[in-house]
Amino acid sequence: MKNEVFDPDSVDKLIKCYYIVKHLNNCFSVPELRAVLLGNSWSDKSLLVNLLLGENTLSTEEELNIFTKHNRKLNETEVVLVNSPDLLHPNMTIKEHIEKCIEFSIPGPHVFLLILQPENFTEEHTQKLESFLEHFSYQSFKHSLVVIKLKAENSDCTKLIQQNQLLTDTIKKCKAEFLWEKDLKQKLLSAMVNIVKENNGDYLSLDIYKEPTHGIPRDHKQARTKLNQGGLVSESLNPVKGSGKYKNM
């Protein structure tokens, strides 16, 4: 009978696998998780969809710049991801972007995932992104997670972020920030689930359909008035009334 050799490395790997599985089981303790991806790189957003769903759902080479919806059941949680065109798309206004976002995410998203690149995050990007979030809901930033994706893998991420004040200011307004690293999937899913739990499973819904406006800051009330006067959202859309709790679509 041969003597079995004890391999510490194998034991370490088994322990790590155990804790990864345990972490994922803890993450998926909500029935439903809905997220909308925003940013200025279709390939990066598609790559994140594939990463979170664990399959090659979208091509990262084709620049489709259209709205797409993808869902998969992960550990008893229905994960729904809506990929969106570049916010700077020349043939799409903020009004159209919001309308499509409502259409694809009804009854509403739990989370916005902002996939941003410090190398090319300009003032125009900032204005478009913040305009979208502010018009969608005064709570949008509290439901937003920033994912930083560098163009060059060997770049100093911290330095690039610090050098871009616009990006730094945007990150401060959001719930949390994540770097595109090996453990991004676990960290991001955990943060998304936490947002769902913190809000009792409620969805974000378009502000202009919510009345009364008690408790909403004055500047947001004024923004809503201008929004209605400017006709940002088409009257033909069905109102996203209130917020539901773990409703099945």
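At what angle do helix α2 (residues 42–53) and helix α7 (residues 184–198) pack, and how far apart are their axes? In this predicted model, the two helices pack at an angle of about 85°, and their axes lie 10 Å apart. Because angles of 65 to 115 degrees count as roughly perpendicular, α2 is described as roughly perpendicular to α7. The model also holds an open sheet of 6 strands, on which helix α3 (residues 94–105) packs.

**The contact between α2 and α7**

- On the α2 side, the contact is made by L48, L51 and L52, while α7 contributes L184, K185, L188 and L189.
- Sorted by class, the residues in the contact of α2 with α7 comprise 6 nonpolar and 1 charged, with no polar residues.

**The sheet**

- The strands of the open sheet follow the order β2-β3-β1-β4-β5-β6, and their pairing is mixed.
- At the edges of the sheet stand β2 (68–74) and β6 (176–179), each of which pairs on one side only.
- From one strand to the next, the twist averages 25°.
- The edge strand β2 pairs with strand β3 (residues 77–83) in the antiparallel sense over 7 bridges, and L74 stands opposite T77 in β3.

**The helix packed on the sheet**

Notes. Residues numbered from 1 in each chain as written. Predicted model: local features only at pLDDT ≥ 70, side-chain atom pairs only at ≥ 80, totals over all residues. Heavy atoms only, no water. Axes fitted to C-alpha atoms, helices over the stretch in contact; angles between N-to-C directions. Helix = DSSP H or I, 4+ residues; strand = E, 2+ residues; numbered from the N terminus. Parallel < 35°, antiparallel > 145°, perpendicular 65-115°, else oblique. Contact = heavy atoms within 4.5 Å. Nonpolar A, V, L, I, M, F, W, Y, C, P; charged D, E, K, R; others polar. Pairing = 2+ DSSP bridges.
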